[in-house]
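Subject: Handover of a structure and its findings

Dear colleague,

Please find below the structure that I am handing over to you. My findings follow it.

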Amino acid sequence: LLTALRLFRPGSVAFGMTAQADIAGSWHQVSMPFSGRCREDAWALDQADEEELRQFVNAVRRVGRRTRIAWALRRFETGLERTVPAEGLTDHLLALRALLEADGDRGIAAMPARLSALCAQDHERTIVREEVEAAFALERLAIDGHVGRSDRKRLEKFPPLETIAASERHLRALLHDLVCGYLSTDLKALADEILTADREPAGDDIAVSEPVY
């Protein structure tokens, strides 16, 4: 249920510390395992959403446990549970790479192009590629401890929090459509097919930009 709610709509979801359980015919308060902390982006579930959510929960239950999708789902949720957004970014980038990189790829060159093919209209693909490249650049800065120390003018196009949110949004969209069966499980082949049809380069033909921060 928690996984389904986290995929159902943008935002972070976590269980409370306690819940009510029916034990031997009476309700008792029971402890719940820690499931992360909610950010300030809560959303309300309307009664009209009940049937759609019920079907989606059933779809999440059908995901095989030992698959790339299941692994990416775990990384997605781990990223949401991080208290530091930049740390969650690494989890989400790992999930995207697991879904979109092929064994023969070198570096991260192919992933931005493939993601843009699957998540954006033709006129928006450049923006999505730049967002992904900026996310990898931000991750490198976070590893080096430089986030928050850069010149403000260099952050205007890709502010860190917006860059992190974009990566989370793209990953959620892919996982949602994979769980629902709207996309082929071989996302790499599907994306490359789209790029080939549109005569766009993939793989080593894509140049990964230097950090923009």
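The notes below cover the overall architecture, then helix packing, then salt bridges and individual residues.

This is a predicted model, in which local features need pLDDT of at least 70 and side-chain atom pairs count only at pLDDT 80 or more, while totals for chains, interfaces and linings use all residues. Residues are numbered from 1 along each chain as its sequence is written, and side-chain values use heavy atoms, with hydrogens and water left out.

Overall architecture

The protein chain has eight helices and two strands; helices (H or I, at least four residues) and strands (E, at least two) are DSSP runs numbered from the N terminus. Read from the N terminus, the order of the elements is α-β-β-α-α-α-α-α-α-α. Of the 213 residues in the protein chain, 41% are buried. Here buried means under 20% relative accessible area, exposed means over 50%, and partly exposed lies in between (1.4 Å probe, protein chains only). Among the contacts in the protein chain with a separation of 6 or more, 67% come from residues 24 or more positions apart, where contact means heavy atoms within 4.5 Å.

Packing around helix α5

Helix α5 (residues 110-119) is mostly covered, with nine of its ten residues buried. The buried residues are A110, M111, P112, A113, R114, L115, S116, A117 and L118. They pack against α4, α6, α7 and α8 (187-197).

Helix α5 and helix α6 (residues 125-144) pack at an angle of about 140°, and their axes are 8 Å apart. Axes are lines fitted to C-alpha atoms, for helices over the stretch in contact, and angles run from 0 to 180 degrees between N-to-C directions. That angle makes α5 oblique to α6; angles under 35 degrees count as roughly parallel, over 145 as roughly antiparallel, 65 to 115 as roughly perpendicular, and the rest as oblique. The crossing of α5 past α6 is right-handed, a term that applies if the near helix is turned clockwise from the far one by less than a right angle, with anticlockwise giving left-handed. On the α5 side the contact is made by M111, P112, A113, L115, S116 and A117, and on the α6 side by R125, V128, R129, V132, E133 and F136. By class, this contact has eight nonpolar, one polar and three charged residues. Ala, Val, Leu, Ile, Met, Phe, Trp, Tyr, Cys and Pro count as nonpolar, Asp, Glu, Lys and Arg as charged, and the others, Gly among them, as polar.

Helix α4 (residues 85-100) packs with α5 at an angle of about 80°, the axes being 10 Å apart. The two helices are therefore roughly perpendicular to each other. In this pairing, L96, R97 and L100 of α4 meet M111, R114, L115 and L118 of α5. The contact of α4 with α5 has five nonpolar, no polar and two charged residues.

Salt bridges

Side chains of opposite charge can pair when their charged atoms come close. A salt bridge is taken as a side-chain nitrogen of Lys or Arg within 4 Å of a carboxyl oxygen of Asp or Glu, and by this rule the count comes to twelve salt bridges.

- R97 and E101 meet through their side chains at 2.9 Å, N to O. R97 is partly exposed at 29% relative accessible area, whereas E101 is buried at 14%.
- R125 pairs with D122, with the closest N and O atoms 3.2 Å apart. R125 is buried at 6% relative accessible area, whereas D122 is exposed at 55%.
- E131 pairs with R169, with the closest N and O atoms 3.9 Å apart. This pair links distant parts of the chain, E131 being in helix α6 and R169 in helix α7 (residues 160-180), 38 residues apart. E131 is buried at 18% relative accessible area, and R169 is partly exposed at 44%.

Leaving aside neighbours within four places in sequence, E131 is in contact with F158, T163, A166, R169 and H170.

D49 lies in the loop between β2 (26-31) and α2 (50-61). D49 is buried, with a relative accessible area of 10%. Not counting residues up to four places away in sequence, D49 touches F8 and R9.

Yours sincerely
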